[in-house]
Amino acid sequence: MKTAASLLLHACCGPCMTVVCEQLQREGFEITAFFYNPNIHPWKERERRLQTLIDYADSNGINLVIDKEYPLEENIRMLLDAENRCYACFEDRLTATADRARELGIENFSTTLSVSPYQNQSFIMEAGSAASEKSGVRFIYRDFRECYRESIRISREEEMYRQPYCGCVFSERDRYLKLKSPGQI
Ligand code: SF4
């Protein structure tokens, strides 16, 4: 009998996790979810998104690894110094995922970020490929945008918390000013 290939799935939040996890499981991957999102500001918002993910993982029997570090100062400094803060943000999270997969002996990694129709898919692909090259862990890129509406439907049905902005304090401001983030298309 063929054993399922292991995959560490970077999860930005519960709603995006729903459809992505299901699809990758259908492809035969054995999923471990990974929460590492120091880009979510402020603390309360991060806790709220994390709790939603924990509840979803618990009720669906998904193994979840949580990185409890919250290097807020470093994160803000990194976003401010970056040529394009969204690329830097994807790179940081995908590099951490690839490194954690290697530590855990997991063969592949992927991300729920590509379910969003607002995010720059080329950035996600590029940042994931760079992380894969450095770590030696295979990056599984899928364009999950077709599942976006379904993720909204499921999250509404299950009364999950849906965040009103991308994550960082800059995107929280941009939401009110109706500005696009530099990783948005
Ligand atoms: S807008 Fe979103 S992707 Fe861009 S830096 Fe902020 S949290 Fe990261």
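How do the residues of the shell around the ligand divide into nonpolar, polar and charged? The shell has six nonpolar, five polar and one charged. Ala, Val, Leu, Ile, Met, Phe, Trp, Tyr, Cys and Pro count as nonpolar; Asp, Glu, Lys and Arg count as charged; the others, Gly among them, count as polar.

1. Basis. This is a predicted model: local features need pLDDT of at least 70, side-chain atom pairs count only at pLDDT 80 or more, and totals for chains, interfaces and linings use all residues. Numbering starts from 1 along each chain as its sequence is written.

2. Ligand shell. The residues surrounding the ligand are N39, L79, R85, C86, C89, C166, G167, C168, F170, S171, S181 and G183. A residue is near a molecule if its C-beta atom, placed from the backbone, lies within 6 Å of it. Helices α4 (85-104) and α7 (169-177) each supply at least two residues of this shell. With three residues, α4 gives the most. Helices (H or I, at least four residues) and strands (E, at least two) are DSSP runs, numbered from the N terminus.

3. Helix α4. Its 20 residues should span 28 Å at 1.5 Å a residue, and the end C-alpha atoms are 29 Å apart, which agrees. The expected span is 1.5 Å times one less than the number of residues. Just after α4, G105 takes a positive phi of about 75°.

4. α4 against α5. The axes of α4 and α5 (residues 121-135) come within 8 Å and cross at roughly 35°. Axes are lines fitted to C-alpha atoms, for helices over the stretch in contact, and angles run from 0 to 180 degrees between N-to-C directions. By class, the contact has 10 nonpolar, four polar and four charged residues. Contact here requires C-beta atoms, placed from the backbone, within 7 Å.

5. α1 against α6. The axes of α1 (residues 14-26) and α6 (residues 148-157) come within 8 Å and cross at roughly 120°. The two helices are therefore oblique to each other. Angles under 35 degrees count as roughly parallel, over 145 as roughly antiparallel, 65 to 115 as roughly perpendicular and the rest as oblique. This crossing of α1 and α6 is right-handed. G14, P15, C16, T18 and V19 of α1 meet E150, S151, I154 and S155 of α6. That contact has four nonpolar, four polar and one charged residues.

6. α1 against α2. These helices pack at about 35°, with axes 8 Å apart. On the α1 side are G14, M17 and T18; on the α2 side, T52, L53, D55 and Y56. The classes are three nonpolar, three polar and one charged.

7. Backbone points to check. Most residues other than glycine have a negative phi, and most peptide bonds are trans. The bond from H41 to P42 is cis, with omega near -10°. P42 lies in the loop between β2 (29-35) and α2 (43-59). E159 is not a glycine, yet has a positive phi of about 50°. E159 sits in the loop between α6 and α7.

Notes: Left-handed = near helix turned anticlockwise from the far one by under 90°. Contact = placed C-beta atoms within 7 Å.
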